[in-house]
Amino acid sequence: MTQMHALSRLMTSLEDQLVVCMKCGMCQAVCPLFAETGREADVARGKLALLDGLLQQMFDDPEGVSQRLNKCLLCGSCAANCPSGVSVLEIFIKARAILTGFQGLSPAKKAIFRGMLAHPALFDRLGEWGAKFQKVLTKPVNEVVGTSCARIMSPLIGKRHFRPLAAVPFHKRVPCLDTPAGAAGLKVAFYVGCLADKIFPDLAQATVDVLAHHGVGVFMPANQACCGIPAISSGDTDTFQRLVRHNIRKLEAGTYDALVTACATCTSTIKEVWPMMTATDPGLQADARRLADKTFDISQFLVSKLGLAGEEKTDEDMPVTYHDPCHLKKSLKVWAEPRTLINASRGYRLQEMPESDWCCGMGGSFNIQYYNLSGRIGERKRNAIRATGCGIVATGCPACMMQISDMLSQGGDALRVTHPVELYAESLKRK
Ligand code: SF4
Ligand code: SF4
């Protein structure tokens, strides 16, 4: 009964937001999915029209509604360019929660979200086992990009070239931290995130090293959980709230000025989705709002709080091109700071690519469910990267790093795929 009340409250808030769409169709021009399929059903306007009669549709064709809603990257390009200011992502996320509340989760998603993600210690252990045994089923394929592929045909991996699990995850290298504020007079909490912990530990290490270099104290509690975006993207509000509660309990054990992450997706989830999807628990929502207000992307923190600035560049410096993660540029309007960070890195200089803010095609579960479409969107990104002639591509999101690595590796390109903070950390060692 309580769940039905929560669902009907969500439904009412959805109806209020749906009327804002004036059906102008301007979202078509910026939707990476529409650019590939040309189908009105795939663009924001088509999905919003479908949701207009959600209650009736849910009874008539719940599977059809679910498929159309899930065929979306949640990239926010439509919302960022909508003249009426329709909260498209909020509508889509709430609609998915309503549908899942009505339909239930598939057995596979239940096993992944409730059996694994919701138990951080178990998730960590599974990641460690996976790192040990992955070589049995996979083999390295592109040394420069750092990708692997399946040894034998596997329906799970398919033709993907992926960045493998790190031999030693970051939580094993550095289980926790609590260092005092130094010369900067500031202390931050560091939320690591699953991909930085399990696949890109050097990125997490670079973040900690840069903060230490600038005299910023770091509070990093042990046993952090996933930010919850995979669960809430599938409408699993229960697992999502459980993860938010767990993380807030861990993070509230410290005192600090700001919370930083090096993952665009984690940052936008903490800042926007945590407060948005915890309304059924007012205490949790108040805590989430407090934390959201002091959450920063690492490049944003370094530039806006520590005053980091770009250096004079010459042709001697190595060119680096930059891809704007949708969650950083379109959701949080953070795009200048990562560029400043690259230009603040001695030995490197920024070289823009065409369409730097066109989605890379990752979209989390979209990549799993619609891999061919995801790949077609990713090829456009690969061509943009190739057009620069750069040997390094940087981006502020580990999920984009995964997708760009896959695209480049499958295309036979030999580029380094990295994060601006890694370049900056390296340059500090050279100074
Ligand atoms: S979502 Fe915005 S851009 Fe798209 S049709 Fe509606 S009002 Fe126009
Ligand atoms: S979120 Fe992205 S993929 Fe989904 S409808 Fe909007 S622009 Fe298209």
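Mentor: Please begin with the domains, whose bounds come from an automatic or database domain assignment. On that basis the protein is divided into domain 1 (2–104) and domain 2 (318–430). Please bear in mind that this is a predicted model.

Trainee: How do you know that domain 1 and domain 2 are in contact?

Mentor: Contact requires heavy atoms within 4.5 Å. By that criterion, 19 residues of domain 1 touch 17 residues of domain 2. The centres of domain 1 and domain 2, taken over C-alpha atoms, are 28 Å apart. About 1,300 Å² is buried between domain 1 and domain 2, with 66% of that area given by carbon and sulfur atoms.

Trainee: What makes the pair Arg-376 and Glu-36 a salt bridge?

Mentor: The cut-off is 4 Å between a side-chain nitrogen of Lys or Arg and a carboxyl oxygen of Asp or Glu. The side chains of Arg-376 and Glu-36 meet at 3.4 Å, N to O, and 3.4 Å is within 4 Å, so the pair qualifies. The count between domain 1 and domain 2 is 1 salt bridge. Polar contacts across this interface amount to 2 residue pairs.

Trainee: Which elements give two or more residues to the side of domain 1 that touches domain 2?

Mentor: They are helix H2 (32–37), helix H5 (62–70) and helix H6 (77–80). The largest share, 5 residues, comes from H2. By class, this side of domain 1 has 12 nonpolar, 5 polar and 2 charged residues.

Trainee: Why is the pair Asp-124 and Lys-198 said to tie together parts that are apart in sequence?

Mentor: The side chains of Asp-124 and Lys-198 form a salt bridge at 2.7 Å, N to O. Asp-124 belongs to helix H9 (residues 120–137) and Lys-198 to helix H11 (residues 194–198), so the pair joins parts 74 residues apart in sequence. By the salt-bridge rule, the count comes to 21.

Trainee: Which residues come nearest to ligand 1?

Mentor: Of the 13 residues around ligand 1, those are Cys-21, Cys-24, Gly-25, Cys-27 and Cys-82. The shell around ligand 1 divides into 9 nonpolar, 2 polar and 2 charged residues.

Conventions. Residues numbered from 1 in each chain as written. Chains lettered and ligands numbered in written order. Predicted model: local features only at pLDDT ≥ 70, side-chain atom pairs only at ≥ 80, totals over all residues. Heavy atoms only, no water. Buried area = accessible area lost by both parts, 1.4 Å probe. Polar contact = N/O pair within 3.5 Å; in protein donor to acceptor, adjacent residues only side chain to side chain. Helix = DSSP H or I, 4+ residues; strand = E, 2+ residues; numbered from the N terminus. Nonpolar A, V, L, I, M, F, W, Y, C, P; charged D, E, K, R; others polar. Near = heavy atom within 4 Å.
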